[in-house]
Amino acid sequence: MSYVLGTHSAERERLGRQHHIWRADSQAAWQRAGFQAGDRLLDLGCGPGFASLDLAELVGANGRVLAIDQSHDYISHLQQQAEALKLQQLHSQTLNLAEPLGAAALGELAAGSWDGAWCRWLCMFLSDLDPLLALIASALRPGGRLVLHEYISWDSFSLHPHGDAVQQFVRCCIQHWRQQGGDPDVASRLPGLLEQRGLQLLSSRSLMACSPSNQPKALWLQDFLGSYPLQLADAGLWSPGQQEALEQELAQAQRHPSLWVTPALVEQIWIKP
Ligand SMILES: C[S@@+](CC[C@H](N)C(=O)[O-])C[C@H]1O[C@@H](n2cnc3c(N)ncnc32)[C@H](O)[C@@H]1O
């Protein structure tokens, strides 16, 4: 099944703006997990690789980052970036992480030699988490850390006051992703699944925000509202009347003090004993 958000250039650019807004949170998470120079790190579901580039900088010339995504477009974009920036420590591979990997595809991933794995906004799109979790459990070395940023309650995404159209939009997104086999609240299932794989939870925290319209986390939500309704409309889930109501609501939120609550994003840091 093709990736529900698409891999066209507009979405790639949105992912870049999104990474910029969440960059400090991801870097703080890597620090808490002890990622450091010389490490061998995986970026699972890396997209066009905005975080992979930061991880490559973090590990330096003596480390190694392997970035993995199912999208050929994203991986070839990242390879071009790595070459242009002469980041020899950054490698990338096209793989479907929702399917069991054969020995040939596993390659260096099978080795149990990775110091850490970073995985953000991937699990929510996978219809089957087993292949990914098996891969993580085998690829990490003993003492290796997994850092996850996934949502636990996507329907907390809301606008206050007068956020009725935003609320409808949120319901439609959740319906769309569930129809495609995803689970926007996947973070609630991960503790049980990772415990079964023998990993131990080191820490967790909420990365949820509540911001006025002109602040970065609110701008991030408005950016998404500027693009995703078109995809929902293509899927037959969003009508012109709903779009008109949404646009009126967004204009009102610019004119009056308003609060944007993000979907509840959760950080989890796990260790392989
Ligand atoms: C929202 S993007 C997040 C990208 C990146 N992790 C970040 O934080 O910017 C989700 C990514 O998951 C990838 N993806 C979705 N399903 C996948 C699968 N089955 N195997 C590998 N990658 C997948 C998509 O191609 C997309 O690049």
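In the predicted model, the secondary structure of the protein consists of nine helices and 10 strands. The radius of gyration is 19 Å, close to the 19 Å that the globule rule gives for 273 residues, so the protein is as compact as a globular protein of that length. Along the principal axes, the C-alpha atoms fill a box of roughly 55 × 40 × 35 Å, and 37% of the 273 residues count as buried. When contacts with a separation of 6 or more are considered, 83% of them are accounted for by residues 24 or more positions apart.

Strand S4, which spans residues 114–120, is largely enclosed by the rest of the structure, because seven of its seven residues are buried, the criterion for burial being 20 or more other C-beta atoms within 10 Å of the residue's own. S4 is paired with strand S1 (residues 40–44) through four bridges, the two strands running parallel, and in this pairing Leu42 stands opposite Ala117 of S4. S4 is also joined to strand S5 (residues 140–153), here by six bridges and again in a parallel arrangement, with Trp118 placed opposite Val147 of S5. In a regular strand the side chains alternate between the two faces of the sheet.

The ligand is surrounded by 21 residues, of which Gly45, Gly47, Gln70, Leu97 and Ala98 are the closest. The elements that give two or more residues to this shell are helix H1 (9–33) and helix H2 (50–59). In terms of residue class, the shell comprises 13 nonpolar, six polar and two charged residues.

Several backbone features were then examined in the loops. Most residues other than glycine have a negative phi, and most peptide bonds are trans. Trp121, which lies in the loop between S4 and H5, has a positive phi of about 55° although it is not a glycine. With 18 C-beta neighbours inside 10 Å, Trp121 counts as partly exposed, whereas the residues of S4 are buried, seven of seven. A further group of features occurs in the loop between strand S6 (158–160) and helix H6 (164–179), where Pro161 is found. The peptide bond that joins His160 and Pro161 is cis, with omega at about -10°. His162 is found in the loop between S6 and H6 as well, and its phi is near 60°, a positive value in a residue other than glycine. His162 counts as partly exposed because 13 C-beta neighbours lie inside 10 Å.

Finally, Ala84 was considered as an example of an exposed position in a helix. Ala84 is found in helix H3, which covers residues 72–84, and it counts as exposed because it has 8 C-beta neighbours inside 10 Å, the limit for this class being 12 or fewer. Between Ala84 and Cys123 the separation is 39 residues in sequence and 30 Å in space, taken from C-alpha to C-alpha.

Technical notes
Residues are numbered from 1 along each chain as its sequence is written. This is a predicted model: local features need pLDDT of at least 70, side-chain atom pairs count only at pLDDT 80 or more; totals for chains, interfaces and linings use all residues. A residue is near a molecule or strand if its C-beta atom, placed from the backbone, lies within 6 Å of it. Ala, Val, Leu, Ile, Met, Phe, Trp, Tyr, Cys and Pro count as nonpolar, Asp, Glu, Lys and Arg as charged, and the others, Gly among them, as polar. The radius of gyration is taken over C-alpha atoms; the globule rule is 2.2 Å times the number of residues to the power 0.38. Two residues are in contact if their C-beta atoms, placed from the backbone, lie within 7 Å. Two strands pair if DSSP finds at least two bridges between them.
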